Amino acid sequence: MAQRMIWNQTAYFGAGCIEVVPGELARRGFTKAFVVSDAQLVGSGVTGRVTGLLDTAGFPYEVYPDVLPNPPIENVQAGVAAFRASGADVLVAVGGGSPQDTCKAIGIIVANPEFADVRSLEGVAATKNPAVPIVAIPTTAGTASETTINYVITDTERRRKFVCVDPHDIPVMAVVDSEMMASAPRSLKVATGLDALTHAIEGYVTLGAWELSDLFHLKAIQVIATSLRAAADGDEGAAERMALAQYVAGMGYSNVGLGLVHAMAHPLGAFYSAPHGVANGILLAPVMAFNAAATGEKYRDVAAAFGVADAAARPLADVRADAVAAVAALTRDLGNPTTLAAIGAREEDLPALAQAASDDVCAGGNPRPATVADIEELYRSLLR
């Protein structure tokens with residue numbers, strides 16, 4: 001069976017590495033950048049750390065600061081129009097998952113205008129042309145959008161999120177600078193860190209996992225398990241390790257898929273605007289418990305990464321329970337919510353949420369098949 005892995009052409013890592021951006025843009029022959037970000041990052045000066053470098057280098061640019069959390073279709077379409085009017089020839093994404101995903105959708109639609117409705121990009125879209133070149137600069141250690149072939153857009157009219165999977169959207173260059181993440185509030189570091197952990201664990205046990213993806217996911221789990229607490233509290237070394245770990249997780253899951261945690265988290269974002277990482281944190285340990293019997297020996301590795309003694313030798317059922325307990329304890333220690341009521345979920349919405357999760361493209365990768373009734377019961381068990 002053929003296996004495919006797709007990654008960035010070039011990636012830079014390390015504190016201060018954004019300094020390479022102007023030179024790389026010029027070296028690649030670009031003449032004007034369209035910088036996609038959000039109002040908070042622009043207002044706080046984070047985006048300005050990149051545009052300031054462009055100013056110093058005399059490299060022309062225009063900023064699109066209008067990206068919203070859980071970006072809706074209309075956000076993408078406005079960005080497409082703004083890009084076309086700008087005269088730019090390269091996209092620069094500065095932000096977390098929302099700016100990164102919006103940037104990908106803009107780049108794809110500009111190069112493939114037949115998908116201007118955005119909805120038709122759901123799933124594996126039959127685009128013909130690579131996106132406008134993208135340089136991705138993440139400001140959170142979580143989504144790994146800078147190295148994935150996936151992006152998520154919200155259809156507010158239909159109260160749903162949809163996942164787009166397209167090899168044509170991967171950024172040509174990623175610049176993973178932990179200093180760009182330093183000013184994020186603790187709550188955001190927690191949420192995005194739990195998102196990264198979810199990517200690593202789901203990618204490790206997903207049906208599409210294989211030896212090469214396992215290398216990435218296991219290493220990411222090990223680093224996140226030992227770094228997330230300290231990174232959330234401002235430790236610079238831990239923050240740099242988290243920046244790398246979330247990227248490594250993205251190298252894996254982008255190519256092999258995810259599972260039920262993400263399938264269930266997406267509707268929570270669409271219905272209640274719940275931050276994606278917060279929703280993943282609520283769901284991760286319970287879904288791990290649901291999946292445990294279908295994960296073979298892999299929870300031994302998860303347990304060992306979290307410091308569980310004798311994980312390789314103890315009875316498998318016990319070690320699986322230990323792995324779930326370790327993830328649950330980390331979630332509690334970080335202060336992430338543990339109930340769906342905390343993000344505004346309502347019992348009357350559970351059937352619709354369950355159906356949306358079942359229909360989500362991520363559900364197909366879950367190691368244990370889950371019916372709509374199974375999913376509704378999982379939601380119900382976490383309501384309060």
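**Entry 1: H6 against H9**

I looked up where helix H6 meets helix H9, and found Asp-195, Thr-198, His-199 and Glu-202 in H6 touching Leu-260, Val-261 and His-262 in H9. Contact here means heavy atoms within 4.5 Å. By class, I noted two nonpolar, three polar and two charged residues in this contact. The classes are set as follows: Ala, Val, Leu, Ile, Met, Phe, Trp, Tyr, Cys and Pro are nonpolar, Asp, Glu, Lys and Arg are charged, and the others, Gly among them, are polar.

H6 covers residues 186–205 and H9 residues 260–272; they pack at an angle of about 140°, with their axes 9 Å apart. Axes are lines fitted to C-alpha atoms, for helices over the stretch in contact, and the angles run from 0 to 180 degrees between N-to-C directions. H6 and H9 are therefore oblique to each other. The classes of angle are roughly parallel under 35 degrees, roughly antiparallel over 145, roughly perpendicular from 65 to 115, and oblique for the rest. Helices (H or I, at least four residues) and strands (E, at least two) are DSSP runs, numbered from the N terminus.

**Entry 2: basis of the values**

This is a predicted model, in which local features need pLDDT of at least 70 and side-chain atom pairs count only at pLDDT 80 or more, while totals for chains, interfaces and linings use all residues. Residues are numbered from 1 along each chain as its sequence is written, and side-chain values use heavy atoms, with hydrogens and water left out.

**Entry 3: Lys-32**

I found Lys-32 in the loop between helix H1 (21–27) and strand S2 (33–36). Is Lys-32 buried or exposed? Lys-32 counts as buried, at 19% relative accessibility. The scale is buried under 20% relative accessible area, exposed over 50%, and partly exposed in between (1.4 Å probe, protein chains only).

Leaving aside neighbours within four places in sequence, I listed the contacts of Lys-32: Phe-59, Pro-60, Tyr-61, Glu-62, Ser-86, Gly-87, Ala-88, Asp-89 and Val-90. A polar atom of the Lys-32 side chain lies 2.8 Å from the backbone oxygen of Ser-86.

The side chain of Lys-32 also meets that of Glu-62 in a salt bridge, at 3.5 Å from N to O. Lys-32 is in the loop between H1 and S2 and Glu-62 in strand S3 (residues 61–64), so the pair ties together parts that are 30 residues apart in sequence. A salt bridge is a side-chain nitrogen of Lys or Arg within 4 Å of a carboxyl oxygen of Asp or Glu. Glu-62 is partly exposed, at 31% relative accessibility.

**Entry 4: other salt bridges**

How many salt bridges does the count come to? I noted 17 by this rule. Side chains of opposite charge can pair when their charged atoms come close.

Arg-380 forms a salt bridge with Glu-347, the closest N and O atoms being 2.9 Å apart. The pair links distant parts of the chain, 33 residues apart: Arg-380 is in helix H14 (residues 372–381), and Glu-347 in the loop between helix H12 (316–334) and helix H13 (350–359). Arg-380 is partly exposed at 31% relative accessibility, and Glu-347 is partly exposed at 40%.

Salt bridges that share partners join Arg-119, Asp-155, Glu-157 and Arg-158 into one network. Within this group I looked at Asp-155 and Arg-158, whose side chains meet at 3.8 Å, N to O. Asp-155 is buried, at 1% relative accessibility.

**Entry 5: Asn-336**

Asn-336 is in the loop between H12 and H13. Asn-336 is buried, with a relative accessible area of 7%. The Asn-336 side chain reaches the backbone oxygen of Val-278 at 3.2 Å. I also checked Thr-31, 305 residues away along the chain: the C-alpha atoms of Asn-336 and Thr-31 are separated by 44 Å.

**Entry 6: Ala-15**

Ala-15 lies in the loop between strand S1 (10–13) and H1, and is partly exposed at 45% relative accessible area. Not counting residues up to four places away in sequence, Ala-15 touches Asp-177, Ser-178, Glu-179 and Glu-240.

**Entry 7: positive phi**

Which value does phi of Arg-159 take? Phi of Arg-159 is near 50°, a positive value in a residue other than glycine. Arg-159 lies in the loop between strand S7 (150–155) and strand S8 (160–165) and is partly exposed, at 37%.

Ser-273 has a phi near 55°, also positive in a residue other than glycine. I placed Ser-273 in the loop between H9 and helix H10 (276–291); Ser-273 is exposed, with a relative accessible area of 55%.

Technical notes:
A polar contact is a pair of N or O atoms within 3.5 Å; within protein, one must be able to donate a hydrogen and the other to accept it, and residues adjacent in sequence count only if both atoms are side-chain atoms.
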